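Colleague: I am new to this structure. Please show me how to read its features, one at a time.

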Amino acid sequence: MKQNRTPAARRARMGALSGGIGIAVNTLLAAAKIALGAVTGALSVLADGMNNLTDCGSNVVSLIGLKMSEKPADKEHPFGHRRAETIAALVIALIVLVVAAELAIESVQKIFAPQTSDFSWPLIAVLAAAVAAKLFLFFFNRYWGKKLDAETLRATATDSISDAVATTAVIVSLVVSHYTNFDLDGYMGAAVAVFIAFSGGSILKEAVSRLLGTAPDAQVLRDIEARVRAFAGVHGLHDLTVHSYGQDKLYATVHVEVDAHMPLMATHDLADAIEQQFAEETNILLTVHIDPLVLDDPKVNRLREATERAVRQIDPALRVHDFRLVGGETHANLVFDVAAPFECPIGDAQIRARIRSAVAQMDERLGVVVTVERQNLA
């Protein structure tokens with residue numbers, strides 16, 4: 001009977017396979033390059049071998065990170081351990097940057113104190129085989145990293161392609177130095193160090209960004225909004241916030257607008273139904289807050305529509321929600337929130353000022369109490 005693997009089990013299985021293959025390949029490459037570098041005196045070859053040796057450590061970190069990320073939630077970590085994968089990617093980035101710094105120091109030293117390196121075609125053949133092996137690891141980890149949305153596999157893929165480029169640069173250095181009698185080893189080593197540092201910096205930037213909390217994917221926001229709006233009785237939604245705790249671990253909150261005359265128990269049932277559907281059909285744990293809307297007051301409806309038109313004239317991306325009319329006949333306040341995308345160039349104070357000016361033109365007896373909220377909009 002074929003076993004039914006869960007996505008988590010599949011990620012763990014492919015992570016273990018990637019780590020095992022990476023450790024085996026990098027160990028062989030490191031041993032071969034370090035030995036050849038020591039024999040020939042080629043610093044770039046020796047440094048490239050040391051880089052492969054640190055890659056073994058990166059593979060171990062990747063294995064541990066994926067394994068830890070699959071642990072269930074517990075008392076100390078109620079949101080699970082999925083961010084362990086991001087921490088593993090962060091460690092990989094730091095390892096790559098340390099290697100780049102060490103290689104840069106050694107390369108600069110060789111530029112000012114050049115040493116003759118032995119050249120042989122067998123050495124070139126070994127390095128060419130190393131490039132092929134690293135390209136295999138790059139395509140393998142990139143494919144499964146994208147398919148499983150595994151951050152550590154994507155980081156390993158980036159590391160692998162940087163290694164392939166680095167080893168190619170070493171080959172070019174050896175061949176050019178041999179046929180021109182110009183020692184290019186130190187210069188090429190420095191160039192390789194810069195490239196490796198750039199790769200490590202890219203991994204580091206992505207890992208830090210995820211730990212800080214990245215914006216949710218726009219398609220995720222659109223899917224959530226479409227699902228919520230599909231429920232009968234929903235007149236709108238706003239303040240949608242999504243928090244990621246790793247792959248397949250999303251928590252979200254949303255304010256759902258309903259008719260103010262809807263019975264309390266009915267609104268409660270609606271919120272429960274929305275939350276239950278998300279829990280059963282998606283990987284999102286959604287919490288719903290109900291906001292009542294006054295829909296049968298002609299004056300409130302007229303003011304709401306006029307205010308929405310005025311706000312859209314300021315910027316079409318702005319959205320009005322939680323609209324209320326507070327006060328009496330002689331003087332009243334329009335109380336509402338305006339959702340503004342982060343990329344809106346107009347400042348919050350300017351948005352408020354322009355709204356107050358527009359409302360004053362509608363009716364000078366109306367005051368405005370408006371809150372501007374910056375958020376990602378679907």
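Modeller: Start with a definition. A salt bridge is a side-chain nitrogen of Lys or Arg within 4 Å of a carboxyl oxygen of Asp or Glu. Keep in mind that this is a predicted model.

Colleague: How many salt bridges does a search of the whole structure find?

Modeller: The search finds 6. One of them pairs arginine 374 with aspartate 348, N to O at 2.8 Å.

Colleague: Which parts does the pair of arginine 374 and aspartate 348 tie together?

Modeller: Arginine 374 lies in strand β6 and aspartate 348 in helix α10, so the bridge links parts 26 residues apart in sequence. Partly exposed means between the buried limit of 20% and the exposed limit of 50%. Arginine 374 has a relative accessible area of 25%, so it is partly exposed. Aspartate 348, at 27%, is also partly exposed.

Colleague: What separates glutamate 206 and arginine 210 in helix α6?

Modeller: About one helical turn, because they are 4 residues apart in helix α6, residues 185-212. Glutamate 206 is partly exposed at 34% relative accessibility. Arginine 210 is partly exposed at 31%.

Colleague: And what about arginine 365?

Modeller: Arginine 365 forms a salt bridge with aspartate 363, and the closest N and O atoms are 3.2 Å apart. Arginine 365 has a relative accessible area of 45%, which makes it partly exposed. Aspartate 363 is partly exposed at 23%. Bridges can also share partners: Arg154, Glu206 and Arg210 are joined into one network this way.

Colleague: Now the interior. What is the general idea?

Modeller: In soluble globular proteins, nonpolar side chains tend to be buried together.

Colleague: How many residues does the largest nonpolar core have here?

Modeller: The largest nonpolar core has 21 residues. Those with the most contacts inside it are Leu318, Phe323, Leu334, Phe336, Val338, Ile351 and Ile355. Two or more residues come from each of α9 (298-314), β4 (319-327), β5 (332-341), α10 (348-362) and β6 (366-375). Strand β5 gives the most, with 5 residues.

Colleague: Which residues does phenylalanine 323 touch?

Modeller: Leave out residues up to four places away in sequence. Phenylalanine 323 then touches Val300, Leu303, Arg304, Thr307, Leu334, Val335 and Phe336.

Colleague: What does the second, separate core include?

Modeller: That core has 20 residues, among them Val234, Ala252, Val256 and Val258.

Notes: Residues are numbered from 1 along each chain as its sequence is written. This is a predicted model: local features need pLDDT of at least 70, side-chain atom pairs count only at pLDDT 80 or more; totals for chains, interfaces and linings use all residues. Side-chain values use heavy atoms; hydrogens and water are left out. A nonpolar core is a set of buried Ala, Val, Leu, Ile, Met, Phe, Trp, Tyr and Cys residues joined through side-chain atoms within 4.5 Å. Buried means under 20% relative accessible area, exposed over 50%, partly exposed in between (1.4 Å probe, protein chains only). Contact means heavy atoms within 4.5 Å.
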